[in-house]
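The following briefing concerns a single protein chain and is organised by topic. Please consult the sequence and the three-dimensional view alongside the text.

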Amino acid sequence: MKTMVRLTLIISFFLLCCTFITNAQPQLTFTPYINNISAAVDIKNARDGSNRLFIVQQSGIVRIYKNGALLTTPFLNVSSLVKYASELGLLSIAFPPNYKQSGYFFIYFNATNENVTLARYRVSASNPDVADPSSGVILFSYPKPGGFGNHNGGCLQFGKDGYLYSSIGDGGSGGDPFNNAQNLSSPFGKILRLDVRKLNAPYYKIPSDNPFVNTPGALKTIWALGLRNTWRWSFDRSNGNTWLGDVGQDLWEEVDFATPAQSKGANYGWRCFEGNNTYNTDSCRGRRNYRFPVFSYPHNLDTGGLSVIGGYVYRGNNFPALQGYYICADYLSNNAWKIIPNGFGGWNISLQKNVPAFIVSFGEDESGELYAASQTGTIYKVGVQSTVSAAIVPDDFLQANSNDNYVFPTVVTNRILTLVMKNNFKAVRITDIKGQRVMQQNLVVQTGTYQLVLPALDAGMYMIELSGEKTFRSKFLIQ
């Protein structure tokens, strides 16, 4: 009789907590859209009403996809100005909000001497599908420290404020040997912010509200610092939030997030930290001085990868189930992730395997539809299976959140649970629905953000308990 009562209670609890899954997470689809385009590394639109896609080829060429066809004549060919090898080349393009009126656009590349270079060009006065190759001017050209060829960063984006933002990697080698990312006098390992509406040399002004304009010795164009190699990053077109995919060193890849208010002067921690973990803390400050990733994944080809490719938040109209999800991928593991707020200050993160190989960049068109470029020579249109809609999660399942501590995601698919701890916790314990302990360990990181790698557990509901100066409990589901 006692066994029957206990079984009934277990079934009732499980049904109460688990009937929320009316549908699975949206499953991404990658539909071939443009074929046979080599070394595509960036996809942008001009926001000019033309609905064209501009595709950057690392060799130094920009192509246009228009009215269902890839135009034969390049929009721009600067291959004679570009050093194309390994991580070097033409890396990004960006169009300002007033492009339709001004005709100016910007490119980021490694010059023949390997300097990271920002240049401005103008469209032809007679043909909107061709740029004027003689119109180029240089805004900056920084020599690579140490002569290393890697970690060029190289993604241009315009913000809702109309300013141009440029990411630059830490300059190369391994471990940032010159500590460029934390050096405010160096442009490397940073995001720079420029007002590029100035028509005459030096062709840009420094916004007066840049965070380090009054800091002695600091490069006044710096907007954010502490980045290793932010190869691809984006703004959420809906709200201006920043999403950064920062390629890791030996153990972790990371995705960073900041609201517009949080992004000003943000220090994302490299080389002090790799992901949430210490790397080289010489001359570093306390953890509270840095922004830590909302998601990081380990260097393995099963549930993680080796090189994160930052993407975009989907804001299109064709796939409502994908609305609000941030999409990113890994270049080497055929894995992709969908990230969306869970409503409690944390994030629901879901892994999807077997996406196309060698995704190297994402882009969006004027309508907010997403695309992905593979180095196999294919541009994919990103969508979701039509039969899938977003999961519905009731309030009684979402974590027993306090304003101080929480865990995410609430639905775990990749054995990684992120703990956000404002109080001091010394140990973590996980029990299954029957109350049986399945994991217990002391915490090395007792405050801040910490990623807990779960053991191989069966699908089902679990309870996590953090113990220390107070006790915190929360439910989560392994899918």
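Leaving aside residues up to four places away in sequence, Leu71 touches Arg63, Ile64, Lys66 and Asp129. The model is a predicted one.

- Leu71 sits in the loop between β5 (69-70) and β6 (76-77).
- With a relative accessibility of 23%, Leu71 is classed as partly exposed.
- Leu71 and its contact Asp129 are 58 residues apart along the chain, and their C-alpha atoms are separated by 8.7 Å.
- Two of the residues touched by Leu71, namely Lys66 and Asp129, also belong to a network of salt bridges that links Asp48, Arg52, Lys66 and Asp129.
- Asn241 is placed in the loop between β15 (232-235) and β16 (242-246), and its relative accessibility of 11% makes Asn241 count as buried.
- Not counting residues up to four places away in sequence, Asn241 is in contact with Ser234, Phe235, Asp236, Phe257, Ala258, Thr259 and Pro260.

**Cysteines and the disulfide**

- The disulfide is left-handed because the torsion about the S-S bond of Cys272 and Cys284 is about -95°.
- The two partners fall into separate accessibility classes: Cys272 is buried at 2% relative accessibility, whereas Cys284 is partly exposed at 21%.
- Cys155 takes part in no disulfide, and the nearest cysteine sulfur, that of Cys328, is 14 Å away.
- Cys328 is likewise in no disulfide, its nearest cysteine sulfur being that of Cys155 at 14 Å.
- Cys155 is buried, with a relative accessible area of 1%, and Cys328 is buried, with a value of 0%.

**Salt bridges**

- The whole structure contains 13 salt bridges according to the search.
- Lys83 pairs with Glu114 in a salt bridge, and their closest N and O atoms are 2.9 Å apart.
- Because Lys83 is in the loop between β6 and β7 (90-94) and Glu114 is in the loop between β8 (104-110) and β9 (116-123), this pair ties together parts that are 31 residues apart in sequence.
- Lys83 is partly exposed, with a relative accessible area of 29%, while Glu114 is buried, with 18%.
- Asp236, a contact of Asn241, meets Arg315 in a salt bridge with an N to O distance of 2.8 Å.
- That pair links distant parts of the chain, with Asp236 in the loop between β15 and β16 and Arg315 in the loop between β21 and β22 (326-330), 79 residues apart.
- Asp236 is buried, with a relative accessible area of 3%, and Arg315 is partly exposed, with 23%.
- A salt bridge also connects Glu364 and Arg237, whose closest N and O atoms are 3.5 Å apart.
- Glu364 belongs to strand β25 (residues 359-364) and Arg237 to the loop between β15 and β16, so the pair ties together parts that are 127 residues apart in sequence.
- Glu364 counts as buried at 11% relative accessibility, but Arg237 is partly exposed at 32%.

**Nonpolar cores and a surface patch**

- In soluble globular proteins, nonpolar side chains tend to be buried together.
- The largest nonpolar core has 97 residues, of which Phe75, Phe105, Ile107 and Phe362 touch the most other members.
- A second, separate core comprises 20 residues, including Leu419, Val428, Leu454 and Phe472.
- On the surface, Leu301, Leu306, Leu332 and Phe358 form a nonpolar patch, with about 340 Å² of accessible area together.
- Leu306, one of the patch residues, is found in the loop between β20 (295-298) and β21 (308-313).
- Leu306 is partly exposed, with a relative accessible area of 35%.

Conventions. Residues numbered from 1 in each chain as written. Predicted model: local features only at pLDDT ≥ 70, side-chain atom pairs only at ≥ 80, totals over all residues. Heavy atoms only, no water. Patch = residues over 30% accessible without salt bridge, like charges linked within 9 Å, V, L, I, M, F, W, Y side chains within 5 Å. Areas by Shrake-Rupley, 256 points an atom, 1.4 Å probe, with all protein chains shown as cover. Salt bridge = Lys/Arg side-chain N within 4 Å of Asp/Glu carboxyl O. Helix = DSSP H or I, 4+ residues; strand = E, 2+ residues; numbered from the N terminus. Buried < 20%, exposed > 50% of the residue type's maximum accessible area, 1.4 Å probe, protein only. Disulfide = S-S within 2.5 Å. Contact = heavy atoms within 4.5 Å. Core = buried A, V, L, I, M, F, W, Y, C linked by side-chain atoms within 4.5 Å.
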